[in-house]
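Work through the exercises below with the sequence and the model open. Try each task before reading its solution.

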Amino acid sequence: MEGAAPEQSGAGRDTASAAQRDSRAAFGTSCLSVTDNEPCRGRPEITELCRTGAPSMRRVGPSDGGGAGGGRRCAVGHGGARGRCDGRCGARGPARGELGTAGPAVDGSEGAAGAAVVAEEPPPLPLPGLRLVQQGAEAHVYRGLFLGRAAVAKLRVPKRYRHPALEERLSRRRMAQEARSLLRCRRAGIPAPVVYFVDYVTNSIFLEDIVDSITVQDHIYAVQKSGNDTSGLHKLAEKMGELLARMHDEDIIHGDLTTANLLLRPPTEKLDLVLIDFGLSFISGLPEDKGVDLYVLEKAFISTHPDTETMFQALLKTYAARSKKSGPVIKKLDEVRLRGRKRSMIG
């Protein structure tokens, strides 16, 4: 029964304390909140200080189950109007319960250890000897050797908020589609990395490493910062328009067209472009999808490279001249622009 309990005599208090000690001995390392008669059963990975006797109870309102005037609960929602805590915070799992077995004292090092338990560990390397070079939203990119060749390993990072079955299905589908798009590009003569190996177990794909290359993004930054003649950027834009026209004529939608996903092989004066990062690509012949692809690139230019409007116009002009299906695509691009302006205006 919840509520104010009658005062106990000395013998009654001794009996209650003995019962609590027996309960702690039965459950292993228990935790106490502010008072010794209110053990907290908070989850050990969250309320790590609670197990060691530090004050971890807080005041909550009625929406949190604390009653009309608020109640006392542990940091994960136990106690309060839901009943007394049962002191089982050390029985949630042996790996995390061991953190609380050191005793009642706690210092900063133990707190750091508790934070390390909560932090998500990086995915294991698909091969030993790989070096992490970039972390993206969808994957981690490593550089190393694959069968004696310079390679880039792209390891997809699992999303913990998704159901495991859905996550596995999406990762496998996107990885397979990326490999298909790369192979389709290479068959059509579109420069793209060679696919060495696809590993469904670790959700990783091994690709050719374009050695000593730089991104178009970095190249534009360098030219603008140097203050030299920018006429070479217009030639670069024309090359980009020609490359994208060939890709769209093969009904390949990149899905993430940015200047960071275009590489320049050395020497940069040759303007030898390579398309990378087909992780969001798919196959479609619809002008709508191709128009959205170009719109994504246009927004990337606006947000990343100021004062490059003429550069993107040169890209579109070359795209329209080289693509066999450019008419409907450019028309759809204008429609997508209107939608984007309307969305920005309305909010």
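On a 1 Å grid over the protein atoms alone, a cavity is a set of points where a 1.4 Å probe fits but cannot get out, while a pocket is an open set with protein on both sides within 12 Å along at least five of seven lines; lining residues have an atom within 4 Å of a point. Grid points are joined across faces, edges and corners, and a volume is the space filled by probe spheres set on the points.

The model is predicted: local features need pLDDT of at least 70, side-chain atom pairs count only at pLDDT 80 or more, and totals for chains, interfaces and linings use all residues. Residues are numbered from 1 along each chain as its sequence is written, and side-chain values use heavy atoms, with hydrogens and water left out.

**Exercise 1.** Describe the largest cavity.

Step 1. The structure holds 1 cavity of 30 Å³ or more. The volume of the largest cavity is about 60 Å³.

Step 2. Its lining includes Glu138, Arg156 and Lys159. Helix H4 (residues 164–187) gives the most to this lining, with 4 residues; helices (H or I, at least four residues) and strands (E, at least two) are DSSP runs, numbered from the N terminus.

Step 3. The lining of the largest cavity divides into 2 nonpolar, 1 polar and 6 charged residues. Here Ala, Val, Leu, Ile, Met, Phe, Trp, Tyr, Cys and Pro count as nonpolar, Asp, Glu, Lys and Arg as charged, and the others, Gly among them, as polar.

**Exercise 2.** Where does the largest pocket lie?

Step 1. The largest pocket holds about 910 Å³ of space. Of its 33 lining residues, Gln134, Val141, Asn261, Ile276 and Asp277 are the closest to its centre.

Step 2. Domain 1 (130–208) and domain 2 (214–340) both contribute to the lining, so the largest pocket lies between them. The domain bounds come from an automatic or database domain assignment.

**Exercise 3.** Is His254 buried or exposed, and what does its side chain reach?

Step 1. Find His254 in the loop between strand S9 (252–253) and strand S10 (262–264).

Step 2. Buried means under 20% relative accessible area, exposed over 50%, and partly exposed in between (1.4 Å probe, protein chains only). His254 has a relative accessible area of 0%, so His254 is buried.

Step 3. The His254 side chain reaches the backbone oxygen of Ile276 at 2.8 Å. A polar atom of that side chain lies 3.1 Å from the backbone oxygen of Asp277.

Definitions and conventions:
A polar contact is a pair of N or O atoms within 3.5 Å; within protein, one must be able to donate a hydrogen and the other to accept it, and residues adjacent in sequence count only if both atoms are side-chain atoms.
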